Amino acid sequence: MNTTFELPGSYKKWTWGLIIVGLVALLYGLIMLHPFEHGHGEEHIGSTRFWAVLLQNSVYWLLTVNAAMFLICATTMAMGGWQVALRRVPEAISSVLPVLGSITFIILMILVWGGHSDIYHWVDKTVAESDPVIKGKSGFLNPVFFTVMAVITIGGWALLGRKMRAMSLKIDENGPLTYEQGKRWIWNNTVWASLFMVFFTLTVASSTPWLWLMSIDPHWYSTMYSWYNFASTFVSGLCLITIYVIFLKNRGQLEYVTEEHLQDLGKFIFAFSIFWTYIWFSQYLLIWYSNQPEETKYFIERIGTATHAGPYKGLFFLNLIINFVAPILILMKKSTKRNWSLMVFMSVLLLFGHWIDYYLMVMPGTVGKHAELMPFEFGIAALFIGIIMWSVGRFLTKHPLTPKNHPFLKESVIHQS
Amino acid sequence: MAGGIKKFVVGAFDDEKVLFPAVKNVRKSGYKIHDVYTPFPVHGLDHAMGLRETSIHTAGFIYGITGTSVALGFMSWIFTKDWPLNIGGKPHFALPAWIPITFELTVLFSAVGMVITFCWLCQMMPFVKKHHFHPRATDDLFVMAIECTDKTDDAEVQRFLKSEGAIEINVQHAESGWWFGFYNRQEKLYRDENEN
């Protein structure tokens, strides 16, 4: 068994290439879009666009890497054994969280304390006083509460995730565990996984998306919104895990991972793509049915009305095609889920699809009809991908890739899906 | 319908670990395994017996697509052609409102269709009867039935099964297919075989 893994040169080239592309895009934004001359109206649209793109990418990629730790904790709590052979991959991905968390935190703080009312309308004190709807929510939507919640949320994910990773890495140091030690370790691991899960539910599945994304449209609300965010990022997290598993397998690592594990990852991606559609449709159907102006506004901003097509109509349906039609038709067959190349293709496609999904959450409420999907938007995405690749690569080279003393490793080796 | 009366050599095994090599060796020796009856699903036995992968999921997909089209077709015919109603000012072709029903009918068609197909493939329907080779196949024994042709020397097959570790071996003349009706007919055949 290889204890250390050397990153191939192409991986490093891609990492630095993406980061450089991203930095060029960021520099372009800083110079050409005048991000610090913010305000409402068309003359300040460059600043709005700059910060909206940063918000979209940072929240999307942060929640995506956090979903990797969710997978570990969910399978740990279910006493699942199948994922142990590839467990180091989600651990590596979740190790990016402190980096992306800090970046997201800085961006959110600039938006809230820098008075960016073009992104978050409620930041403006005069609006918060005069608008009765926003005034009613001001106990919740105010900079202090927002900051405290962001600190607790990102800090909690980072600390609990760190504990889970540390526990997993610690049993690698010594020889195999005895029966009693293994039993105690599994119990401790399950307790910590449950703590993470409770915290995850209270943040990702309820409060975080309300504050970070739904408050872009402070007049509008949806009780499905947080679940919708969770479903979206869990699919992307699974896709990221799948890509890394296949990458490492191609490099001759992860010797116990077989098509059986790949098929299980495929099943997860398939199932949660359908779950995403279910949540998406539940949100749409209720708003379509009750047809109340303050609710339909959200969709009119995106698809427009029967007589007047909105600027996001094409992306809106592309979103459904990529994230629902493609997985249900392509991933339904067992042979697809066992095909390494097709799984890479589907993972990349879905990562892009859910990136578009987040684009559709952030852009209509901020830049509105001036939205662009230009090299700048993709450049910022490249920056975040580069940071994830750099950070995951560091974890993969430092630690053994198979948790050889995990009590459930044998279960994973003989796993049949 | 009926497969006709055939001669079978039946061996009963009391252990999975003995059964697997036995199945393998019987196939290797060129005997035709009619079927293996087990008290519970045995993982990997289908591979050992050389059965092909089931295509019931393809059938399920076709049933599902049928359900989707039936639901969408029927509802759009009713609400746009047959009996258009103004419901809350919504358009007559109100696709979002039909999605839940379409989903339910897709699930219903594929589920019921697959259950019926499964029963059909396993020849398990109400009133369908098959010969039981050994009553303890539903309790604690793994029962292998080997089909004999005119040229098969059943004494040799019995010796072979004995060497493979079968704990109970006999020869039965039985209906190889299925029939509608009662089990009286089978009891008669069973008696015939015991008289030999």
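**View 1. Contacts and overall dimensions of chain A.** In chain A, 81% of the contacts with a separation of 6 or more are between residues 24 or more positions apart; two residues are in contact if their C-beta atoms, placed from the backbone, lie within 7 Å. The model is predicted: local features need pLDDT of at least 70 and side-chain atom pairs count only at pLDDT 80 or more, while totals for chains, interfaces and linings use all residues. Residues are numbered from 1 along each chain as its sequence is written, and chains are lettered from A and ligands numbered from 1 in the order in which they are written. The secondary structure of chain A comprises 16 helices and zero strands; helices (H or I, at least four residues) and strands (E, at least two) are DSSP runs, numbered from the N terminus. The C-alpha trace of chain A spans about 65 × 40 × 40 Å along its principal axes. Chain A has a radius of gyration of 22 Å, which agrees with the value near 22 Å for a compact globule because the chain has 417 residues. That radius is taken over C-alpha atoms, and the globule rule is 2.2 Å times the number of residues to the power 0.38.

View 2. Of the 417 residues of chain A, 42% count as buried (20 or more other C-beta atoms within 10 Å of the residue's own; exposed if 12 or fewer, partly exposed in between; C-beta atoms placed from the backbone). A nonpolar core is a set of buried Ala, Val, Leu, Ile, Met, Phe, Trp, Tyr and Cys residues joined through C-beta atoms within 7 Å. The largest core has 100 residues, of which A:Ile93, A:Leu238, A:Ile241 and A:Ile269 touch the most other members. Helix H2 (residues 45–77) of chain A gives the largest share of this core, 20 residues. Apart from it lies another core of 23 residues, among them B:Ala22, B:Leu141, B:Ile146 and B:Phe160.

**View 3. Surroundings of A:Ile269.** Neighbours within four places in sequence are left aside here. The contacts of A:Ile269 include A:Val235, A:Leu238, A:Cys239 and A:Thr242. Also among them are A:Pro327, A:Leu331, A:Met346 and A:Leu350.

**View 4. The sheet of chain B.** Four strands of chain B form an open antiparallel sheet in the order S2-S4-S1-S5; two strands pair if DSSP finds at least two bridges between them. Strand S2 (32–37) and strand S5 (168–175) of chain B are at the edges with a single partner strand each, so one side of each has no neighbour in the sheet. The twist averages 25 degrees from one strand to the next. Axes are lines fitted to C-alpha atoms, for helices over the stretch in contact, and angles run from 0 to 180 degrees between N-to-C directions. S2(B) and strand S4 (residues 142–148) of chain B run antiparallel and are joined by five bridges. B:Tyr37 has B:Val143 in S4(B) as its bridge partner.

**View 5. Helices across the sheet.** Helix H1 (residues 16–28) of chain B lies across strand S1 (5–13), S2 and S4 of chain B, at about 15 degrees to S4(B). Helix H5 (residues 154–163) of chain B lies across S1, S4 and S5 of chain B, at about 20 degrees to S1(B).

**View 6. Two loop residues with positive phi.** A:Met79, not a glycine, has a positive phi of about 55 degrees and lies in the loop between H2 and helix H3 (88–94) of chain A. A:Met79 counts as exposed because it has 10 C-beta neighbours inside 10 Å. B:Phe127 has a positive phi near 75 degrees and lies in the loop between helix H4 (95–121) and strand S3 (128–130) of chain B.
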